[in-house]
Amino acid sequence: ELVSMRYEDLGGTPEGILALRALKAEPVGELLSDPVWEKSILSVLSEGALERVMRYLYDGNVRKEEFADRIRRLHEEPLESIIMTLADQFRAEGKQDGLKQGISQGISQGISQGKQRAMQSAILHTLEIRHGQLPPGLTPAVESIEIQELLASLLTAAIRCASIEEFATHLPSGTTP
């Protein structure tokens with residue numbers, strides 16, 4: 001029902017009006033529309049209410065560049081400085097979230113690469129112990145394999161195979177030394 005109402009017909013306190021306008025605008029993709037960003041309403045909000053609304057709008061389904069452009073179009077003190085401070089906060093929070101996500105992905109990738117490298121080394125070391133010096137193309141062939149399940153089966157083959165030639169038959173096509 002809220003979506004079908006006109007923005008001008010939504011009444012209440014400034015905080016209530018703005019909240020209702022934002023709730024009305026989101027499902028129809030109008031979070032950056034003039035009624036939601038009406039200066040006369042924004043300028044009388046408390047700093048806390050303004051921050052909550054800006055966070056809601058920022059987290060909504062809007063393009064961040066358009067959101068930033070909408071903020072730049074506000075030219076009224078203290079509204080502009082409060083919103084710019086909030087925008088700086090959002091950017092800092094975004095950078096912090098990105099850093100945390102990057103660190104987490106980096107650690108996960110590092111662990112995965114470490115397991116992969118350990119399996120490759122175990123295969124090559126096992127083959128050296130069992131069969132002596134390895135042919136020149138075998139080390140790069142094994143080191144090119146990244147799939148953990150395949151590396152595990154190659155380790156088993158390295159342990160069981162009677163010769164390097166027999167082991168080579170277990171390598172995927174295209175990696176044969």
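Begin by selecting arginine 21 and glutamate 38, whose side chains meet in a salt bridge with an N to O distance of 2.7 Å, a salt bridge being a side-chain nitrogen of Lys or Arg within 4 Å of a carboxyl oxygen of Asp or Glu. Arginine 21 lies in helix 1 (residues 14–25) and glutamate 38 in the loop between helix 1 and helix 2 (39–42), so the pair ties together parts that are 17 residues apart in sequence; helices here are DSSP runs of H or I with at least four residues, numbered from the N terminus. Arginine 21 is buried, at a relative accessible area of 7%, whereas glutamate 38 is partly exposed at 31% (buried is under 20% relative accessible area, exposed over 50%, partly exposed in between, with a 1.4 Å probe and protein chains only).

The model is predicted, so local features need pLDDT of at least 70 and side-chain atom pairs count only at pLDDT 80 or more, while totals for chains, interfaces and linings use all residues. Residues are numbered from 1 along each chain as its sequence is written, and side-chain values use heavy atoms, with hydrogens and water left out.

Next, select glutamate 143 and arginine 117, which form a salt bridge whose closest N and O atoms are 3.2 Å apart. This pair links distant parts of the chain, with glutamate 143 in helix 6 (residues 138–143) and arginine 117 in helix 5 (residues 79–131), 26 residues apart. Glutamate 143 is partly exposed at 33% relative accessibility, and arginine 117 is partly exposed at 39%.

Finally, select Arg6, Glu8 and Asp9, which salt bridges with shared partners join into one network.

Terms used:
Helices (H or I, at least four residues) and strands (E, at least two) are DSSP runs, numbered from the N terminus.
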